[in-house]
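Have the model open as you read.

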Amino acid sequence: MITQQQSPSLKHADRDLYAREKVLNSAIIAADISSGWEEYLEIFDAFYADHVEVSDGTEGSAVFGKERMRALLFKFLVPIHVMAEIGGLSVQIRESPIHGDTADETHSAWSVDLIGVSGRTCQISWCTLRRWADSRVVYESHYDHQQTGGPLTIDDLRLSPSPAVVGDLRPS
């Protein structure tokens, strides 16, 4: 049973947990993938424990350890960065908290809009459960994955030089 004296400290711990979650999520949203992937890796390094476990919610999908997860993030982020920087892909990230009642655990709903130069959009959404120990994420699971719109194609990106650029490259 929780006594009256313990209650304020638990409420303070909950505020700290939600404050850390808010700082992490705000950093993810504020990072600009068209400028580079490095900022996302710095966020990961700052907020995740060395022994983190990350899962997509399916059996056998868990990745253990910060170094393995960092390598997967790199492989995921680099192509998106290239498509954003060179191909004109616009990436918009949104998050909203999902309130829960389990200590040291947070939930949030995420969506990412990938918008091609053609105007076509693919929206990916999912929910994230995080478990925290001290000030680090020790477990993260992604669940309730959804996609609206088909995958973008080469026609949705600007990967060939424009006629104006080609004209500038011709000898005078």
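## How H2 and H3 cross

Helix H2 crosses helix H3 with a right-handed sense. Keep in mind that this is a predicted model.

In general, a pair of packed helices is described by two things: the angle between their axes and the distance between those axes. Here, H2 covers residues 38-47 and H3 covers residues 66-85. Their axes sit 10 Å apart, and the packing angle is about 160 degrees. Angles over 145 degrees count as roughly antiparallel, so that's the label H2 and H3 get relative to each other.

## Who touches whom

Which residues of H2 meet H3? On the H2 side, look for Tyr40, Leu41, Phe44 and Asp45. Facing them from H3 are Lys66, Met69, Arg70, Leu73, Phe74 and Leu77.

Sorted by class, this contact has 7 nonpolar residues and 3 charged ones, with no polar residues.

## The rest of the chain

Zooming out, the chain has 4 helices and 6 strands. Starting at the N terminus, the elements come in the order α-α-β-β-α-β-β-β-β-α.

The chain has 172 residues, and 31% of them count as buried. It exposes about 10,900 Å², with carbon and sulfur atoms supplying 57% of that area.

What about contacts between residues at least 6 apart in sequence: what share of them joins residues at least 24 apart? For this chain, the figure is 54%.

Key. Residues numbered from 1 in each chain as written. Predicted model: local features only at pLDDT ≥ 70, side-chain atom pairs only at ≥ 80, totals over all residues. Heavy atoms only, no water. Axes fitted to C-alpha atoms, helices over the stretch in contact; angles between N-to-C directions. Helix = DSSP H or I, 4+ residues; strand = E, 2+ residues; numbered from the N terminus. Parallel < 35°, antiparallel > 145°, perpendicular 65-115°, else oblique. Left-handed = near helix turned anticlockwise from the far one by under 90°. Contact = heavy atoms within 4.5 Å. Nonpolar A, V, L, I, M, F, W, Y, C, P; charged D, E, K, R; others polar. Buried < 20%, exposed > 50% of the residue type's maximum accessible area, 1.4 Å probe, protein only. Areas by Shrake-Rupley, 256 points an atom, 1.4 Å probe, with all protein chains shown as cover.
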